[in-house]
Amino acid sequence: MRLALHLQREAVQHATEKEGDVVIAEFIEREGEADGDSEAYPAYVAAVEAVLAYRRDGSNTWLYVASEAAIGSGKPFAGLSVPDSHDVFICLIEMPLVPAPQTIPLPVGAPASLCLYADYRPNQLDTLVYLCNAGPDALTEVAAVIDTTDMSAFHRATSQAERWAKIHHSQKKRWNSVPPGACVLADTLSHQLWDMVSRHRLTFTDAAGRRRTAETHDLALNACRLAQDPNEVWVAFDLEAA
């Protein structure tokens, strides 16, 4: 979080210097204090009041907001009403994200030898999804195909084939090896686009040299479901018989 704040300060400083402005005050919201209630965002309220105070003196004052929050830092001012544009000028700043960790140690609670883990944190913009090897042996030549489709079309479909007949987006990931006890970054769930469904399919070589396939069940990980039940962060793969 300290790195996220450092990047936000740099983004604001760069924007103000570019416009020839001077920072008169800085307000930092504490992460995860509220969910859409302006009274529970004291820094936001204080910043708006400061802008209004300066504008009443005839000064041309802007409220700079680092809008592209870093991983795990939360969605700033979600659901809050924005003051009338004649009273407060708000400038949203795009900023670089804190690089997502490509590998993490295996978290406690893996339900199977091969599974997905969603690193869910309340109020964040995205959830990082990791492919986890909870088994005793390394997996090699690992290839993942991640397909995404529209949720409404998914629910209207009457068969498995029809559900995935029209894929909205598909991506492929490869790893030379996934050691035992390791998790590699495989996917990202957006909490701004909740109307999408993804499926994850794997092929890999096991310790005996056999080529294996695995697949998660439909709706295994969905941003809407995850937000409703933050404890459902694990999804086991169904392995094809060796």
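User: Which residue of β10 is the bridge partner of Leu202?
Analyst: Ala214 is the bridge partner of Leu202 in β10. This is a predicted model, in which local features need pLDDT of at least 70, side-chain atom pairs count only at pLDDT 80 or more, and totals for chains, interfaces and linings use all residues. Residues are numbered from 1 along each chain as its sequence is written, and side-chain values use heavy atoms, with hydrogens and water left out.

User: What makes β9 and β10 a pair?
Analyst: Two strands pair if DSSP finds at least two bridges between them. β9 and β10 have five bridges, in the antiparallel sense, so they pass the test for pairing. A strand here is a DSSP run of E of at least two residues, a helix is a run of H or I of at least four, and both are numbered from the N terminus. On that basis the protein has five helices and 12 strands.

User: Why is the contact between Asp147 and Arg201 called a salt bridge?
Analyst: Happy to check that one! A salt bridge needs a side-chain nitrogen of Lys or Arg within 4 Å of a carboxyl oxygen of Asp or Glu. The closest N and O atoms of Asp147 and Arg201 are 2.7 Å apart, so the pair qualifies. Asp147 sits in strand β6 (residues 139-150) and Arg201 in strand β9 (residues 196-205), so this bridge ties together parts that are 54 residues apart in sequence. In general, side chains of opposite charge can pair when their charged atoms come close. Arg199 joins Asp147 and Arg201 in a network of salt bridges, and the whole structure holds four salt bridges.

User: Which backbone nitrogens count as polar contacts of the Asp206 side chain?
Analyst: A polar contact is a pair of N or O atoms within 3.5 Å; within protein, one must be able to donate a hydrogen and the other to accept it, and residues adjacent in sequence count only if both atoms are side-chain atoms. The backbone nitrogen of Ala208 lies 3.0 Å from a polar atom of the Asp206 side chain, and that of Arg210 lies 2.8 Å from one.

User: Why is strand β4 called largely enclosed?
Analyst: Six of the six residues of β4 (residues 114-119) are buried, so the rest of the structure largely encloses the strand. Leu114, Leu116 and Ala118 are buried on one side, and Cys115, Tyr117 and Asp119 on the other. In a regular strand the side chains alternate between the two faces of the sheet.

User: Which strands pair with β4?
Analyst: β4 runs antiparallel to strand β5 (residues 126-133), with six bridges, and to strand β11 (residues 234-236), with three. Leu114 stands opposite Asn133 in β5, while Cys115 has Ala236 in β11 as its bridge partner.

User: How confident is the predictor, and where is the mean lowest?
Analyst: pLDDT is the predictor's confidence in each residue, from 0 to 100. The protein has a mean of 77, with 72% of its residues at 70 or more. Strand β2 (residues 89-93) is lowest, at a mean of 65, and strand β10 (residues 211-215) is highest, at 94.

Notes
Buried < 20%, exposed > 50% of the residue type's maximum accessible area, 1.4 Å probe, protein only.
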